[in-house]
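Dear colleague,

I am passing this structure on to you for your own work. Please look through it first; my notes on what was found in it follow below.

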Amino acid sequence: MEFRGVSMADRRVEKGVKRGRQFEIEVDGETIVAYEGETIAAALIAAGRRTFRRTAKKKHPRGMYCGIGLCFECMMVINGIPNTRACQTLATPGCRVETQEGLGRWEV
Ligand code: FES
């Protein structure tokens with residue numbers, strides 16, 4: 001299904017957009033499609049995921065807010081590194097992304 005040139009299946013604009021190479025990333029154990037030049041946040045939004053992290057005390061969901069690296073609401077664990085801003089990190093083939101709980105923990 002399509003609405004004004006945006007596919008409802010993956011929420012990406014289809015008409016008139018030339019994308020880079022397609023590849024897959026892993027998000028909380030689920031495989032998601034991403035494209036070269038796309039941020040992890042863009043790939044997640046296109047896949048319909050809105051929760052990027054949960055707050056430390058009340059576990060409230062948080063997701064992309066500013067989209068320009070200022071608010072830190074999009075912090076995730078990316079390739080084992082917590083507190084990484086998904087809106088400022090490019091997706092790369094095979095990268096592992098996890099929803100961050102609270103302040104996050106380093107994998108040792
Ligand atoms: S959405 Fe604000 S820093 Fe990423």
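R62 is partly exposed, with a relative accessible area of 31%, and its side chain meets that of E73 in a salt bridge with an N to O distance of 3.6 Å. This pair links distant parts of the chain, since R62 belongs to strand β6 whereas E73 sits in the loop between β6 and β7 (75–78), 11 residues apart. Please keep in mind throughout that the model is a predicted one; the chain averages a pLDDT of 91, and 89% of the residues score at least 70. Among the elements of the chain, strand β9 (residues 96–98) has the highest mean pLDDT, 98, while strand β2 (residues 6–7) has the lowest, 56.

The structure holds seven salt bridges, among them one between the side chains of R12 and E38, at 2.9 Å from N to O. Here too distant parts of the chain are linked, with R12 in the loop between β2 and β3 and E38 in the loop between β4 and α1 (40–46), 26 residues apart. R12 counts as buried because its relative accessibility is 6%, under the 20% cut-off, and E38 is likewise buried, with a relative accessible area of 12%.

Another salt bridge joins R49 to D28, with the closest N and O atoms 2.8 Å apart. R49 lies in the loop between α1 and β5 and D28 in the loop between β3 and β4, so this pair ties together parts that are 21 residues apart in sequence. R49 is buried, with a relative accessible area of 19%, whereas D28 is partly exposed at 40%. Through shared partners, salt bridges join D28, E30 and R49 into one network.

Strand β3 (residues 22–27) and strand β4 (residues 30–35) run antiparallel and are joined by six bridges, and the bridge partner of Q22 in β4 is Y35.

Finally, R62's strand, β6, takes part in an open sheet of three strands, in the order β6-β5-β10 and with mixed pairing. The edge strands are β6 (61–62) and β10 (100–101), each of which pairs on one side only. Strand β5 (residues 53–54) runs parallel to β10 and is joined to it by two bridges, with Q100 in β10 as the bridge partner of R53.

With kind regards

Technical notes: Residues numbered from 1 in each chain as written. Predicted model: local features only at pLDDT ≥ 70, side-chain atom pairs only at ≥ 80, totals over all residues. Heavy atoms only, no water. Pairing = 2+ DSSP bridges. Helix = DSSP H or I, 4+ residues; strand = E, 2+ residues; numbered from the N terminus. pLDDT = per-residue confidence, 0-100. Salt bridge = Lys/Arg side-chain N within 4 Å of Asp/Glu carboxyl O. Buried < 20%, exposed > 50% of the residue type's maximum accessible area, 1.4 Å probe, protein only.
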